[in-house]
Amino acid sequence: MDCSEESRMIIMEDSLDEDPAQAEKLKRTLTAHRHRRKKPLREAAGAPEPPPEEGSPASMAAAPPGAAHQAPRGLPPVPSASRTGFAEFSVRERMREKLKAARSKAESTLLQEDPSPRPRRLKSIREKKTEVRLDKESDKDEFREMQEDESHISSKVKFHDSAKKPKQKTSVQNDFPSAEETYKFFTFDFDSEAERVKAGIRKKNELNHEEEAEEEEDVETHEEGQEEDETDEDAHLVKDDDLFDLGQTAQDFLVVKPAECESYSEQLQREKEFLFIPSMQAVPASQKMPGNMQPRFLEDEGLYTGERPFVPPSNLNILENRILRQEQGKEWFGDDGKILALPNPIKQSLTRPPIFSLEEGIEPELETLYRKAIKVTAASQYLVGPGDFQGPFQLDIDISGLIFTHHPCFSREHVLAAKLAQLYDQYLARKQKNLTTLLTDKLHALRNAVQCSIDGGDAAVPKPVAQQSIPEYKIEIRQTRRLRDAEQEKDRTLLKTIIKVWKEMKSLRDFQKFTNTPMKLYLRKEEVDQRLDEKAYEAEIQDEINELLEECREEYEKKMEEYETELQEWKSWKKAQKSKKKKKKKDLREEEESVDDCDFGEEPVKPIPPKMVNSLEIEQQAREKADNLRRKPGEPVLIPELVLSGSITPSELCPRAEVLRREDVKKRSSFIKVLFNSKEVSRTVTRPISSDFRVHFGQIFNLQIFNWPESVKLQIYETVGISSTTLLAEVFIPIPETTVLTGSTPIEEIEFSSNQRVMLDHEGVGSGVSFSFEADGSNKMTLMTSGKVSNSVSWAVGEKGVPLIPPVSQQNTGIASALKNIDAIASIGTSGLTDMKKLAKWAAEAKLDPNDPNNAALMQLITVATSGEARVPDFFRLEQLQQEFNFVSDEELNRSKRFRLLQLRNAEVAEFRNYKPVPLHEREISEKLFQDYEKRLRERDVTDSKHYLDAHRAIVANYLQKVQESVINRFLVAKHHFLLSDLVNEEEIPSLGILGLSIFKLAEPKRPLKPRRKERKKVTAQNLSDGDIKLLVNIIRAYDIPVRKTVSKLQQPSRHSRPFNEMFAASPSAQSPGENIDWVFNQVLVRPFVEVSFQRTVCRTTTAEGPNPNWNEELELPFRAPNGDYSSHSLQSVKDEVFINLFDEVLYDIGEDDHERGSGIHTRVERHWLGCVKIPFTTIYFQARIDGTFKVDIPPVLLGYSKEKNLGNDRGYDSVRNLSEGSYITLFITIEPQLIPGESVREKFDTQEDEKLLQAAAKYEAECTSKFPSRQCLTTVVDLSGKSVFITRYIKPLNPPQELLDAHPNSSQTTAELVARYVALIPFLPDSVSFAGICDLWSTSDQFLDLLAGDEEEHAVLLCNYFLGMGKKAWLIIGNAIPEGATAYVLTLEQNQYAIWNPSTGCFYGQFDTFCPLQNVYCLISCDNIWFNIQEYDSPVRINFDISKPKLWKSFFSRSLPYPGFCSVQPEELIYQDSDKAAVAELQGRIEKILKEKIMDWRPRHLTRWNRYCTSTLRHFLPLLEQNQGKDVEDDHQAELQKQLGDYRVSGFPIHMPFSEVGPLVEAVRSTGVHTIDVSNVEFALAVYVHAYPQNVLSVWIYVASLVRNQ
Amino acid sequence: MAELHVIGQIVGASGFDESSLFCKWDIHAGSAWKLLAGRREGQTQVDDPQADDVAYWCHPIDVHFATKGLQGWPRLHLQVWHRDAFGRSALAGYGFCAVPARAGWHGVACGTWRPRGGPRQRLARRLLGGGPQLRRPGPALGAAERFRLRTEAAGTVHLQLAVLPRHFARYGVQS
């Protein structure tokens, strides 16, 4: 386009210059030019962006047209910036341009008229442009004028063109309406144009030509516009152009030429001009080296250069030649004239793994194992832990034998022989090492080396180097010589000692005239060549003398130097001294002396010049030494040889002492025990000690182990004769490294010695006893039994060559997770480390080439080691770079409170188990949160006796806590095992039958008067929150409440405990009605009300009247779960109890004076506690509802109240009720909404029971429960260690404390009651509370007595055992009672009557007692059988307890399964410790003090006065109560109190409790509300009595009373 | 002190030859990782699909890690087991996949494989059940030389994991 434009301009010029006749030609050129333009335009068409141009002004606008082309709406071309270049143009040029522009414009308009493929679009563009560019239009017009004025050439051309174009078109594109088009062209368009032109002229006249630049611009822009159009149109008209071109006469454009052909040679020639082909000739080294340097070969200089990668030499030459041509090409060459290259990077070894082959061994961790498809047992196996069972590992211990180096039975000769053998061994060892020869050789070599370097013949080693090494050599020589001399001396002395010992032995043999040992020493002489030897000897001495001389000379020189310097110093000092002296002499003569004195002390000693050593002296020295150390020249070489070929004198020829000794030896034998982890695992056979005191075992023990051994120990035993076995010594064997495998280990000898002292009466020297070889007994020596065990310990190799080594880390498996985070050093140890310093030293000495990559690792190690403080890590780290990339340190991570909280919660630690919201931010977690937990951790092992008042109980509490924790942890794990039903909740599709039934139900008649019980909807625990749950307590009525009594002088005869007979007979009491008649009329009202307190909420009923009130009120108490967690296991662990307290409301008239009394009533309400019922929440939770009549726990003595016997209105019902003393209350308690109690944990326990028995038990249970699903059948229970135990093992006759048996020797019934009371006194601790959500744990009776806490089962088992021990017939009843729920009672057979004992209270009931709390009986258990109740009813009143009837009782052991005779889990006998009386007395005092303080605390606004007199009376009275077990003392006591405290109104009562902790006592006192009385002049009395029963069972009596003085 | 909370489920498995599959899983993490809450291993129930060959377990995964470093990003190790008509179980495939590092919800498909064994073993597997298993699956899943093991492809285990990283940005880790 660029060039076309130019060419066009040229053509224009031409056309301007030439005459119009040339128009034809012009036209032709134009078309040619077009033709040429076609090409770029096509390109433009292809790519919408026209090619950019530079330089020519016309082309500047090329981009906008492109844009316009792209976006057909057409952006107005922006006028380009002012072009200064144009100023230079002449007017003519400008005109020419204008002309050109005009022409092109005309062309374009022509083209515009053409029916282009998209005429409409083009038109729109045009129109837009014309509208926008009005001024430009005017310019156009202006130039048109000029055009018209000046010449018509262009117009002619234009018209020609326009005329021609349609023509062409028609010629090619047939049937085109050209006529119409032309018409349009000539008429319509041009007219409008002309019109516009006219308008433009009018405007233009004002503007005129003056503004040249503007015009220019305009023209230019116009031109641009033109061009734009042109290109635009042309783009679309390419086809036309083609056609147009073809349409022209061919000869005008085409020239026929022959095909051009370049010959190959020509081509080569041409190529040679610009191609360079480097030659393949080798480049001479001189060209490659800068200047005229000689090439230097580093490798020859001993430096490591590395192997170059292989390149064919021709290629290398080419490269070199090429490089040399280059600028600074020489830089590419190294010192050796070769191209610089890195060493060959190709590794020698294959890095790509070899192709898989089956023969090759597979990595152990990738080993596969064909496993058969197996049924997985119920024990779920998670991925946790090692993938599979890591079989037993094996440690092989090979004990080959035992050699005694000293034994008590050694004779003197043996001692010497042992010594000789030892020396000989030493000799052999030395000989093998042969240090002397080695050092001598070295010495020779060094001497030679020095000689060589001094001679300096070698040109190879530069002189300075050699010079430098000479002193080094010399020092080396000296050292070596010294070493050699020492070794020589040792050799010689050893030889001498051997000979000496041998001589001694020989003399001993001669002396004793028999031989005991087969030892013989031969000394072989090796003759040497006298002459050579002498020569060598002399040469050696000469060498030595020379060296010594040299040494001495050096030393002398050194000393001389020192001397010189010292002398110099001394002289100068002397001079100074002299001058000083002179001065002094002048000055002070008299002081001279003293000055002299003091100077004298400092005067240095005049140095003594060193002596030059005499060479003769040295020679003398050297010769002497040689004489001492070395073999003399010509002396034969002595080689000792120890053989065991000597004959031992047979026993017959020996003296008696020796014979005895030999016999003694024969009697002795020894064996070795192998102890693994200090446990004996095996022992060798007992082998006799042979006469040479060697024992051969030759046994290999294969120890199959699971864990990394802690220790392996051998114990050496000696047996004398048959009887005595003595332990000689213990030897610890090092546990072999993991690399030590069986088959490759040498036998090692481990020495041992024993400090045993043995004296023998025969020839044997004994051990630890001094003896002497000399006849006079001098030179005594004492030897200890000692010896060597030869053994080897190694790891066995399993099949396939896998060593059976336990993983080292296994020793930590228990706490592996904790240890993992600790440093690796802990598990690996530092044993693998080498001494870096030594290594570095060696590397420096060995002059390793630091550049050699083979040494790289070593060098790096050394640089690390030697670079000062940059220490080598002294451990091996498993996870490298972990530390470097850590975000935070471990400490910080562990400090995070949030993480800790999350973890603790996840671990279900008690304090955080149900902690729901964990704050998101650290700062929101207060430090306090952990305080309790940390405190508990801290105090876990510290027994806090303050809370428990009794050390034993504190320990027990701690123990319980621990048992509880461990059990809970076990069960927490079990809790996460889910069954299908836990996860998948599928509702059954109602069957047709059910649907039908419900349809029938719809049709049933409505009976509003017969309400149906609707099942309450049960609520699952998770969607509950505070306030949702309410406890509903319906108090219906009470019976037989004690009534007030005014001060009465009437004495009731004291009732004595009724015999069993009376109770069972259900006969009315023996009290005479006559006595009670007064009571009927004198009856004083009692106004009872009930107060229910639960979780600090208190509700009360209205006050009713009379001893048999009827309230029928419903109380509603909110329930709040701990931590707001309503999950079932949390609810199970709620320890709160519902207290139902019975009070009497008393109104006192407190009108002070009479006149007030007339006008108003002024009374005070007092409430007097009468009794209470406690029901634990868990019972309500498990039972869902509690409905029944409960005995109110009424204190034995209620001051001011008496138990009313309503005999006056005696009715049938009452008569039954009256049988049991006490008051009763009827209650109905439930929870709204009903909660689903949690299921007990399904866990299979370990057991030691027989599998068959367990199967039978399961079968039995299944049978029973299928028949009576509501009845619980118990066959196995869980003991404290978590194992299943068959239940009958718990029942065994046991002895009750003797003290109790002795108390009432003649009445079995009283004794039984006393025993029951004793059992009841053991504190009650329900394990469903402590082991929340967990089945019962049964402790044995001794455990129970040790723990002093347990629930119903333990109490029942103990009581049952006691009864059996007392000779009664007793069974354990598994049943259901109120309020406990599922429980255990005891059944006894007393005089053909069955009695049911409540073990928790100590009460007993007849079988037909209506108020017996036991409601249902499920099974009976004796020590040898279980009977399940298969009767229709299970209420004790309605069943028959005769277990011999198989129709009523289904027994576990029957004829088909006879009782196999179990051993019991109970101890043989219970041993009771006597309680510590002093401790009990102290406890009593402390309880009293605490309670008094508490009462004062509870009355913060009142003065609490203590009535000492009353207190002492009460205290005096309490033991009596204990003695009578709270019965029958009431009236005596009351009378007594009244007598003593005449005008006081006393209300109070004793509370009796078993003692476990102080807390419950305080709570009990508080619940009575004695302290609430707020009469101003009230006084209090409180007395505590603790009675101790054996085994620290304590019965606590608390007597609380309030006294108000009667006015 | 960064935290990573992974909540999700093992949706199921598809493409196994066998039906009635169950899956044992565990999450391995480096020593820098500390488990704050949740269980890091478990086992699903057996699903015996009747309609198509996808076994659905929908087994929940909910683990909460705290970490002091990036090394040892948690990985899931899966073992798919097959329980046959006789109630015996045999290995159907091993698989492991990293817990996604980007925050958000991810559907992860974990391809599984099982050791191929020799011809005899293969025959035994076809006829008798059982099959070659890794002696120590734990280390093998991380072993570098795993290419030595001849395996065959088993099906795919599908997981849906929601990853909640926390405070990683504080230590310059973008997630």
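Helix α15 of chain A has a buried set of residues: A:Glu413, A:His414, A:Val415, A:Leu416, A:Ala417, A:Leu420, A:Leu423, A:Tyr424 and A:Tyr427. Buried means under 20% relative accessible area, exposed means over 50%, and partly exposed lies in between (1.4 Å probe, protein chains only). This is a predicted model, in which local features need pLDDT of at least 70, side-chain atom pairs count only at pLDDT 80 or more, and totals for chains, interfaces and linings use all residues. Residues are numbered from 1 along each chain as its sequence is written, chains are lettered from A, and side-chain values use heavy atoms, without hydrogens and water.

**Helix α15**
- Helices (H or I, at least four residues) and strands (E, at least two) are DSSP runs, numbered from the N terminus.
- α15(A) covers residues 412-433, which is 22 residues.
- The expected span of a helix is 1.5 Å times one less than its number of residues.
- That gives 32 Å here, and the end C-alpha atoms are 32 Å apart, which agrees.
- An α-helix has 3.6 residues a turn, so residues three or four places apart point the same way.
- A:Asn434 follows α15(A), and its phi is positive, near 55°.

**Helix α42**
- A:Glu1313 sits in helix α42 (residues 1308-1321) of chain A.
- A:Glu1313 is buried, with a relative accessible area of 10%.
- Its side chain makes a polar contact with the side chain of A:Gln1309 (2.7 Å).
- A polar contact is a pair of N or O atoms within 3.5 Å; within protein, one must be able to donate a hydrogen and the other to accept it, and residues adjacent in sequence count only if both atoms are side-chain atoms.

**Strands**
- A:Phe1549 belongs to strand β40 (residues 1544-1554) of chain A.
- A:Phe1549 is buried, at 4% relative accessible area.
- The C-alpha atoms of A:Phe1549 and A:Leu1198 are 4.9 Å apart, although 351 residues separate them along the chain.
- Strand β24 (residues 1185-1191) of chain A has a covered face of A:Ile1186, A:Gly1188 and A:Phe1190.
- Its uncovered face holds A:Arg1185, A:Asp1187, A:Thr1189 and A:Lys1191.
- β24(A) runs antiparallel to strand β26 (residues 1224-1232) of chain A, joined by seven bridges.
- Two strands pair if DSSP finds at least two bridges between them.
- A:Thr1189 stands opposite A:Thr1226 in β26(A).

**Nonpolar cores**
- A nonpolar core is a set of buried Ala, Val, Leu, Ile, Met, Phe, Trp, Tyr and Cys residues joined through side-chain atoms within 4.5 Å.
- The largest has 76 residues, and A:Leu1031, A:Ile1140 and A:Ile1225 have the most contacts inside it.
- A second, separate core of 56 residues includes A:Ile1322, A:Ile1374, A:Val1386 and A:Phe1453.
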